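Hi,

Here is the structure I promised to send over. Have a look at it first, and then read on for my notes.

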Amino acid sequence: MSPEITGYVMEKLFAHGALDVFLTPIFMKKGRAATKITVLCHADYRDRLIEMLLTETTTFGVRLSSATRVKLRRDFIQIETQWGPIQAKRGYLNGTLIKTVPEYEDCKRVAEENNVPIRDVYVETLRAITPLTTQNHSAHR
């Protein structure tokens with residue numbers, strides 16, 4: 001299947017309820033190179049996404065498996081940078097803050113608006129986050 005079609009299908013899967021889509025290069029029988037498309041979704045979207053895979057790709061079948069998810073409790077804070085505000089997601093385990101991560105879309109927007117490398121925006125945001133994370137670790141212990 002053409003890689004352009006794969007990209008198109010990924011976009012459609014996300015637009016129709018996929019939580020995540022990832023591609024894995026694999027070798028199939030007779031040594032044929034292929035791309036495995038993995039779609040994570042809630043059960044409510046399963047049938048719609050299966051139909052999309054069967055109609056939009058060259059596959060003749062879809063394998064199903066179930067999984068459970070464990071996730072951190074989250075909240076969001078706003079970080080001030082020299083280029084403007086960046087939202088960051090904080091993750092808590094058993095009530096303790098264990099990580100704070102800048103939101104990609106905010107970093108991208110600020111980088112484009114200010115014509116600076118996104119890496120610079122990300123690094124500066126992380127620098128601004130570090131003292132906050134240290135303070136919150138101390139407060140939760």
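This is a predicted model: local features need pLDDT of at least 70, side-chain atom pairs count only at pLDDT 80 or more; totals for chains, interfaces and linings use all residues.

The buried set in α2, which spans residues 46–56, consists of L49, I50, M52 and L53. Viewed down the helix axis, these residues fall within an arc of 160°, so they line one face of α2. D47, E51 and T55 are exposed on the other side of α2. D47 also takes part in a salt bridge with R46, where the closest N and O atoms are 3.4 Å apart. R46 itself counts as partly exposed, at 40% relative accessibility.

D106, C107, V110 and A111 are its buried residues. Down the axis of α3 they fall within an arc of 130°, so they too line one face of their helix. The other side of α3 has Y104, E105, E112 and E113 exposed. Just after the helix, N115 takes a positive phi of about 50°.

Why does D106 count as buried? Its relative accessible area is 18%, and the cut-off for buried is under 20%. D106 forms a salt bridge with R109, with 3.9 Å between the closest N and O atoms. Both residues lie in α3, three residues apart, or about one turn of the helix. R109 is partly exposed, at 31% relative accessibility.

Another salt bridge joins the side chains of R119 and D120, at 3.8 Å from N to O. R119 is exposed, with a relative accessible area of 58%, whereas D120 is partly exposed at 30%. Shared partners also link D106, R109 and E113 into one salt-bridge network. The total count is seven salt bridges.

On the surface, L19, F22 and L40 form a nonpolar patch, with about 270 Å² of accessible area together. L40 belongs to strand β2 (residues 33–40) and is partly exposed, with a relative accessible area of 41%.

Finally, a word on confidence. The chain averages a pLDDT of 92, and 92% of the residues score at least 70. Confidence is highest in α2, at 98, and lowest in helix α4 (residues 118–140), at a mean of 76.

Best wishes

Conventions. Residues are numbered from 1 along each chain as its sequence is written. Side-chain values use heavy atoms; hydrogens and water are left out. Patches are made of residues with over 30% relative accessible area and no salt bridge: like charges are joined within 9 Å, nonpolar side chains (Val, Leu, Ile, Met, Phe, Trp, Tyr) within 5 Å. Accessible areas come from the Shrake-Rupley method with a 1.4 Å probe; for residues, only the protein chains shown count as cover. A salt bridge is a side-chain nitrogen of Lys or Arg within 4 Å of a carboxyl oxygen of Asp or Glu. Helices (H or I, at least four residues) and strands (E, at least two) are DSSP runs, numbered from the N terminus. Buried means under 20% relative accessible area, exposed over 50%, partly exposed in between (1.4 Å probe, protein chains only). The arc is that of the directions from the helix axis to the C-beta atoms. pLDDT is the predictor's confidence in each residue, from 0 to 100.
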